[in-house]
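Morning, everyone. I'll take a few minutes on one model. Please have the display open before I start.

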Amino acid sequence: MKKLIFFEYITYLSIVSLILIITMWNAFLYPPENLPRIIPTIIYNLPLLIIMFKLKKNKFSTYIITSYVMLFYFVVGVGNTTTDNTFLLGMILSIVSLIAFICAILYVREKNRISIENGS
């Protein structure tokens, strides 16, 4: 049971970190030149905010969806590493989304293992 709580907290903390990093980068550190600051911040953070709200219910399926969404943010991070201006953002997004992905998958595996042991 302690593993579930650990994976739950790390997943939640990673998503909150992603939200803060994306907001700080797009709104304050390096805002886009062509768009208002709020547009990329909302576009990147909206899926994370929805997941963060749903993670409070602690459902099995939410962690599966979280792992898929974290793959998207990992791809965005890797894409950002190709540009000199956003290399740091890309590295941070890749690492934090990978941590969230691994913790969400491990949460699902552990919860599935516990439910199989209790069902037998």
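Start with Asn45, which sits in helix α2, residues 38-55. This is a predicted model: local features need pLDDT of at least 70, side-chain atom pairs count only at pLDDT 80 or more, and totals for chains, interfaces and linings use all residues. Residues are numbered from 1 along each chain as its sequence is written, and side-chain values use heavy atoms, with hydrogens and water left out. Helices (H or I, at least four residues) are DSSP runs, numbered from the N terminus.

Is Asn45 buried or exposed? Buried, at a relative accessible area of 5%. Buried means under 20% relative accessible area, exposed over 50%, partly exposed in between, with a 1.4 Å probe and protein chains only. Which residues does Asn45 touch, leaving aside neighbours within four places in sequence? Leu18, Ile19, Ile22, Thr23 and Tyr73. Contact here means heavy atoms within 4.5 Å.

Stay on α2 for Ile39. Ile39 is partly exposed, with a relative accessible area of 36%. Ile39 also belongs to a nonpolar surface patch, together with Leu35, Ile38, Ile42, Ile43, Leu46 and Ile50. Together they have about 650 Å² of accessible area. Areas come from the Shrake-Rupley method with a 1.4 Å probe; for residues, only the protein chains shown count as cover. Patch residues have over 30% relative accessible area and no salt bridge, and nonpolar side chains (Val, Leu, Ile, Met, Phe, Trp, Tyr) are joined within 5 Å. A salt bridge is a side-chain nitrogen of Lys or Arg within 4 Å of a carboxyl oxygen of Asp or Glu.

Now α1, residues 2-29. Its 28 residues should span 40 Å at 1.5 Å a residue, and the end C-alpha atoms are 38 Å apart, which agrees. The expected span is 1.5 Å times one less than the number of residues. Buried residues of α1 include Leu18, Ile19 and Ile22. The buried residues of α1 pack against α2, α3 (60-80) and α4 (87-119).

Next, α3. It has 21 residues and reaches 31 Å from first C-alpha to last, close to the 30 Å expected. Its buried residues include Tyr63, Met70 and Tyr73. Their cover includes α1, α2 and α4.

Last, the rings. The whole structure holds four aromatic pairs. One of them is Phe72 with Tyr73, edge-to-face, 5.2 Å centre to centre and 75° between the planes. Rings of Phe, Tyr and Trp (its six-membered ring) pair if their centres lie within 6.5 Å; planes under 30 degrees apart count as stacked, over 60 as edge-to-face and the rest as tilted. Phe72 is partly exposed at 44%, whereas Tyr73 is buried at 1%.

Notes: Helices (H or I, at least four residues) and strands (E, at least two) are DSSP runs, numbered from the N terminus. Patches are made of residues with over 30% relative accessible area and no salt bridge: like charges are joined within 9 Å, nonpolar side chains (Val, Leu, Ile, Met, Phe, Trp, Tyr) within 5 Å.
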